[in-house]
Amino acid sequence: MVVFAVPAEVAVILLDIEGTTTPITYVKDTLFPYIRDNVQEYLRAHWEEEECQQDVSLLRKQAEEDSNLDGVVPIPLETGNGEDEVEQVIQAVVDNVHWQMSLDRKTTALKQLQGHMWRAAYATGHMKGEFFQDVVPAIRKWREAGMKVYIYSSGSVEAQKLLFGYSTEGDILELFDGHFDTKIGHKVESESYRRIASSIGCSTNNVLFLTDVTREANAAEEADMHVAVVVRPGNAGLTDDEKSYYSLITSFNELFLPSST
């Protein structure tokens, strides 16, 4: 087994989710298909609720900003002309959501609606968060060793908390000291990692970041964070140069903590 010796100055472990704690297949085959398959039914069921109308308003505003993009679906305003008009607006929202998802966009408007839909699915037991087998036992061990553990994902903080709060392992939110999403900055920008360290109250070299994406690893490294690239089944392949440059692990069990000596 490969062993990655965690540097002595590391007191915080920062985790990516997709491809690191959670199989990419869960995201691609469960989370996103649920949105595509259920968005129309969800909108019909919740249309009169303030939260749903806020989601639609945000999507409408995003569609206006996207008006110069090919394939964008505008979302008309309601004029109060009955059920047929509501169905037309709902269909426009559905088409817009499908269009954004087909381009793998990560707009705040799309993420907000997705987060609300996933919340309903988790709460009713239609969905449970999934993790690689080594993840939860390893995090418990890190916590016992005095490490702080944080999440940094492009998914919203709300979506992160749902994943860990309604999981196959039960509610494991207590294992994490905090959550970050792209509101603090994009994951391929080094400044984001400096902001995270500042928010935690430590130096960047007190943090070890685990991710499967080398562009994110590079950005964190530029900010003087320690980095290991996680190689999991289903993850994108690495080039020979990436394999030789980065420290690679295939399981969280391969991390050897300073306190273990």
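Visitor: Where do Glu 191 and Arg 194 lie?

Guide: Both are in helix 7, 3 residues apart, or about one turn of the helix. Helices here are DSSP runs of H or I with at least four residues, strands are E runs of at least two, and both are numbered from the N terminus. It's a predicted model, so local features need pLDDT of at least 70 and side-chain atom pairs count only at pLDDT 80 or more, while totals for chains, interfaces and linings use all residues. Residues are numbered from 1 along each chain as its sequence is written, and side-chain values use heavy atoms, without hydrogens or water.

Visitor: OK, what does Glu 191 form with Arg 194?

Guide: A salt bridge, with the closest N and O atoms 3.3 Å apart. The rule is a side-chain nitrogen of Lys or Arg within 4 Å of a carboxyl oxygen of Asp or Glu. Glu 191 is partly exposed at 36% relative accessibility, and Arg 194 is partly exposed at 35%. For reference, buried is under 20% relative accessible area, exposed is over 50%, and partly exposed is in between (1.4 Å probe, protein chains only).

Visitor: How many salt bridges does that rule give?

Guide: The count is 10.

Visitor: And Lys 187 with Glu 216, how far apart are the closest N and O atoms?

Guide: 3.4 Å, in another salt bridge. Lys 187 sits in the loop between strand 4 (178-180) and helix 7 (190-200), and Glu 216 in helix 8 (residues 214-222), so the pair ties together parts 29 residues apart in sequence.

Visitor: Are Lys 187 and Glu 216 buried or exposed?

Guide: Both are buried.

Visitor: What about Glu 87 and Arg 44?

Guide: Their side chains form a salt bridge at 2.9 Å, N to O. Glu 87 is in helix 3 (residues 83-102) and Arg 44 in helix 1 (residues 24-46), 43 residues apart, so this one links distant parts of the chain.

Visitor: Switching topic: at what angle do helix 2 and helix 4 cross?

Guide: Roughly 155°, with the axes of helix 2 (residues 50-65) and helix 4 (residues 108-123) coming within 8 Å. Axes are lines fitted to C-alpha atoms over the stretch in contact, and angles run from 0 to 180 degrees between N-to-C directions. That makes the two helices roughly antiparallel (over 145 degrees; under 35 is roughly parallel, 65 to 115 roughly perpendicular, the rest oblique).

Visitor: Which residues in helix 2 meet helix 4?

Guide: Glu 51, Gln 54, Asp 55, Leu 58, Leu 59 and Gln 62, counting heavy atoms within 4.5 Å as contact. Their partners in helix 4 include Leu 110, Leu 113 and His 116.
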